[in-house]
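Here's a quick tour of a model with a pair of packed helices, a chain-to-chain contact and a domain layout to look at. Have the viewer open while you read.

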Amino acid sequence: MRRWVGVDINGWHDLACRDWSFEDPDTPLQDPQLIDGGLQGVLVQLDSGRWIGGPQASLAPHGRSGAWGEVGLPERRKSVRSLLDALKDEAETQSHFLFWAPVEALTAGAQNYFLTIPDSVSYDESVRERLLGALRGQKRPKAALLWRSVACFLGAMETGQIPSDRDGFRVRILTHVSDGLEEQILTLRRVQGQSGHYAPERQGYGQTFGPELGLKALFESAEKDVLLSDQTLLEGRCDPTSMAFQLLSGRMKPGDVEILRRANGTWVEISAPKIEPFNSLSLPAGLEGHSVEPADMTLLSTPLGASFADTLADVVETYWGRLEMLSWDAAARGALKAGLLVESGLPHFLDRLDPVRLCLLKTEGAEFVDLIPERETVPANHTYKSKPITGPVWGSGKTTIEFYIQKGDTKVRHWTATTETPPSDDTSVEIHLSQKPAQGWAKIQIVSSTWEDLRRKPIDIDWLSLPEDQRSPEEIIEELDKDFYRPQIPNRILEPSHIDLWTNDAFRSGILDAVSQFEQRGPEALESLSKAIRRRLNPPLYSTVYLPIGTDGELPELLSADDTLRFKNVVQAIEHEVICVAQKSRNRLKNNNHLLCLGWATGQCSDRVQDAFLNAIRAEIEGEDHPLLSAHASARTIVRGAARIMTSTEKLHSLFSLLVKRNQNADTRGALCDALSRRKFAPQSLSRQLAGKIAQDTAENIDRLIEKKSFEVDLKYTLLILTGLLRYREVEPWFLTPDNPGHGREIQKKLEKLRISVFRHRKRIGQGDLKVEIIDSLLEYIEGTGGDPNLLRMLEEIT
Amino acid sequence: MPAIELWTRPWALVETSRKHRFAMVPGAFELPAENLTATWIYTTTSNPLRVDRSQATLEPVPGYVGEATGPRTLGLVPVPLRRQAGVQIEGPDGIISVSLPHFPERPSEVEVIRTADQEIAHHLFLRLKSVWARLKDAEAASADPSTLWVELRRRWTEETVQDDAFMDVIVRHARNLGTTIDTIEKSPRRILRRYHQMTPLSRVQEVDRRSMTWLIRQPGESLAERAGDRQQILAVARRENFDTLENRVVRAYAAIARSNAKDYKERNSQAQLHRRFQDVSAFEKRCKRLDRDFAELGVRTTDPGITPNFVMQHNPAYRKIWEAWQELIQQRRELDELWRWQSRSWEDYCALVLMVALQSLPGSKLIAASPLYFRDEQHRGSWLDQDNPFGVFYLPDHQTVFEVRFRMKRPHKFLADFGAPIWVRYGKLQDDRSFLKYIAVWPIWHALGGLCPGEADEISGLITLGRRAHLSGGVVMRPTAGNADSESEDAPATTALTVGTSGAPLRKAIGNLVQFFDEFLQSGPIT
């Protein structure tokens, strides 16, 4: 049988209880032995650096005051209460590990121990996990936690204060704590399957009332009385006195003396005064407004001495009715009793676990599913294991899977589980939960019977690393539901750059050759550059089209740094000329070579050139003259080029604003196609108003197409614009859906008409069947029920 | 030129006759027979001496190193395990070989006492074990830290407790391993060994290559002819063999456990009716019987350092014996180390005796005490780890506070010169001047024990020399001679007394100390 100790460390009067002798552990003691951990527990640091707690620390000169020399330095003494407070603060890691010192002092020779903890919501899983982490270590006894209220209940059962066989007997346990009175109501229950065994049942956290009655407030009042009684104490010319709590606890009575070391190393005798801690309190304000739940018995446990305890009991009785005093050592005795029950395989109490819910996407939408039954209580001596949650699927090729986990009533955490090797197929995984009542975090595992990696090494949740989601569970469900049904967004067209377009081949010269010519001959060589920069590469059997400069302005990786610099220098030189022309400091351009070179230099042009292009378009719309608009078809060159060279959201927004004002001809539609289907920031550059205007123009255009039966390039551009416009769903997910305000329903109707027309003429028009298929897909997009993600690429390929 | 001296008293530096200081020069040096006490090596260099080829052999005495004290060192010499070993000091001018021919040797567990020297060594070994047991009392008392000093006092001063047999490893073994030993004894593990022997034809069960080779070389044609007149051929036979590694370990354990049980009984002879004593006594008999039976079965014994085989690791009974054997071997190693540093253990013990004595003064109240930490493993004979002040006692009747300081890390030079590991600082309440008074306490380890006549007077003479150190009293604590009772010899403001390690000699020694301090407070030279 393992050697158990019940430990009650509360910082006011610590106690432990064991039923074996340290020296002769195999011989059980007839009566459990109490180990006094001392009043107002402290821990002190020895010269060796080791921290020690318990009564030895209370008696130690360490950290008392400078009168003791180096040993008396204040940093060498810490109070247990400060450690208990630090446990609630995640950042106080150093202090957490010191908590072992007071526990060690009371658990010498033990193999296991139960440590009591306040039955308060402030001792949630994170605090309990921190506490257990601080107590774990090599060659240390194994720690388990127990609610103090439950320990008191068991202690009272042990002494016969609570009948041990009355099923449904409700007991209110009032524990005197720092901040008031901690109330918990426990019900005695007959344990199913354990003949004749009764255990307390707990239904949730206790509550604390009446801070004016708390030990902290009473101590402060008593300390004030003590300090005022002696000038030496008041002036702090000696060690701090411990009389205040000794008087409160009844260990000392008025007139007793305490010997304290003076600052000069001599000794002084201080006589204990009479204290009246309850006098200054405006009783019983702290308890007002508290509703009293019915109970068969009320027990009050306090570390105060008999006279003060009676006063407290009088106050409390006015609110909770008749009560009985419960010895302060009941918690330690009860904790030992709990250990002995666990040892004999019986549950020491029945607990209601904190609910844990996992958000699952089901056919009817997202839903938080209970991993722990909400109303059920579980025996605390065993680890509760949930029924496995089946259903989640780990997607093939994915290294992560995401979950939302709700702990308690409101807190939701976002868990992204990661694996190094993704599964080759979609794999069903199971979620398992296990938790021991009153201990640390629940253990949640992802396992799979079909995926070898997870079968061998399940993924465990690491609660501490999970970010807390600020949204409520309802908000998350709403969001997930939206995500679940969120309309599809088409992928934009991406055309990467290729080095072959920069070098010469058997038939054509590359950009680098044109750059060389420009370097040698200057602007005369621009024609060859303007041709080279517009070339595209469409290798057979490849679905990708390559450009000299990629859609996002990227140059080929294989292009040397030297060649890159040369090219950029040429672009700068052309820019300089164009800007000079735009500023009228040079003659107007005779041809469009400059503009073509810049217009195809995607993402390489400076802001000044972008502005110059925008100004030229604006002038053209307003019918004004502009130096860049002198050459033939320069407006088309500028409009189409502008759709490629805009590098910022603001500039692209300006371009869209101009394009919707411009005459809706093929150039405008071409530019809109380019900008909407290729530019990364196109959705962000649009406003609701702009997107609505483009949608309206497109709807009108569809009418025109149907009317004129123009189902070739015009149709392609119109559909490209419409599909590109659907990218605005990145900003407004429900844009252009029939149920959403806007042009969705109108476009849907017109598209249906268009489909009928195209279908009717499909044999006569080029790629008629494909076009019908594309319109069908587009209709799915508008419906919000699906659509081909690569629709833009498909449209780009039709003629 | 730096001096190298061997001291036989820690206060040798301030003692004017220099009778406890032996100057050493390169060559051989033999410590006179009357000096069977702890020894120190003193040098006037600041560098530690190389002793027995190491600078770490000696245990430095605090206060003898550092700029404030000048270039000097003092180191405690460990007691050698073997007499011939002596001590080799590498001095600046050459090697000094110190021989200690009169020091007893560390006895082995299974040794039979035949000579007077062995008798002395045996008693010294028992004393060492008793001191260890008393220090373990402190550990046991610390299990309830709130009553540590009260419990220790109770254990050492109450007659009924002292007459109990003390808890020991062997008691635990006696309780836990009795049935295990019976199980093993009844059916020890055996192996069937194959060997060749002439076997009657009718009983041949197995032949192998060797038997057949033998057979075909025999004259005759039929098997009966080849079997000869006796009708026997060479065949494979199997025989039970008990001489396995696990049985050897059991026998080795039985021998060492029996010796430990015997020692335990000797140390607790006053408690023959106590259950622990009887358990150990029965266990000793069991071990003796097991040893004898295994010897008859041809099981040999084994030495420590073997690797456990599968049986020792996984058979529950043998595994228990293996672990118990390891525990006793570990204890033997610790005893080796304790033997070497028994003078340091004696200091630890005397510090605790002093604490108990001060606590036993009428009305005494412990108002502060350093936490007492019992080390997991002893360090050079010392089990205790504590800070200073070790304990602070308030005596309301005398309005006096006593402060015990043990092994101060940085004692003042004036105090360090006296070489006392324990100091009692005392003073009256509200009296600043008396706080400067000190009483030096010298625990003096001696192989034979007993008082050294005139020692109280000798240290009394030192008091006048210790004015600058505000020394006002002195106590010498020596071990009792054999089983003799505690004795004391007083001189003005000083006392020399012997301290027993258990029972009445311990109680009386505590009483003597209480009496000394009581009288000291009433009439002592507190000025």
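This is a predicted model: local features need pLDDT of at least 70, side-chain atom pairs count only at pLDDT 80 or more; totals for chains, interfaces and linings use all residues.

Start in chain A, with helix 16 (residues 561–582) and helix 18 (residues 607–622) of chain A, which pack with their axes 10 Å apart and at an angle of about 40 degrees. Because of that angle, helix 16 of chain A counts as oblique to helix 18 of chain A. The crossing of helix 16 of chain A past helix 18 of chain A is left-handed. On the helix 16 side of chain A, the contact is made by A:Glu575, A:Val578, A:Ile579 and A:Ala582, while helix 18 of chain A brings in A:Arg608, A:Val609 and A:Ala612. Sorted by class, the residues of this contact between helix 16 and helix 18 of chain A are five nonpolar, two charged and no polar.

**Between the chains.** Chain A puts 28 residues into its contact with chain B, and chain B puts in 26 residues. Which element gives the most on the chain B side? That's strand 12 (residues 365–369) of chain B, with four residues. The side of chain B that touches chain A has 17 nonpolar, five charged and four polar residues.

**Domains of chain B.** The domain assignment for chain B looks like this:

| Domain of chain B | Residues |
|---|---|
| domain 1 | 4–99 |
| domain 2 | 135–162 + 341–523 |
| domain 3 | 169–188 + 244–338 |
| domain 4 | 191–218 + 227–241 |

As for spacing, 70 Å separates the C-alpha centres of domain 1 and domain 4 of chain B.

Terms used: Residues are numbered from 1 along each chain as its sequence is written. Chains are lettered from A and ligands numbered from 1 in the order in which they are written. Axes are lines fitted to C-alpha atoms, for helices over the stretch in contact, and angles run from 0 to 180 degrees between N-to-C directions. Helices (H or I, at least four residues) and strands (E, at least two) are DSSP runs, numbered from the N terminus. Angles under 35 degrees count as roughly parallel, over 145 as roughly antiparallel, 65 to 115 as roughly perpendicular and the rest as oblique. A crossing is left-handed if the near helix is turned anticlockwise from the far one by less than a right angle, and right-handed if clockwise. Two residues are in contact if their C-beta atoms, placed from the backbone, lie within 7 Å. Ala, Val, Leu, Ile, Met, Phe, Trp, Tyr, Cys and Pro count as nonpolar, Asp, Glu, Lys and Arg as charged, and the others, Gly among them, as polar. Domain bounds come from an automatic or database domain assignment.
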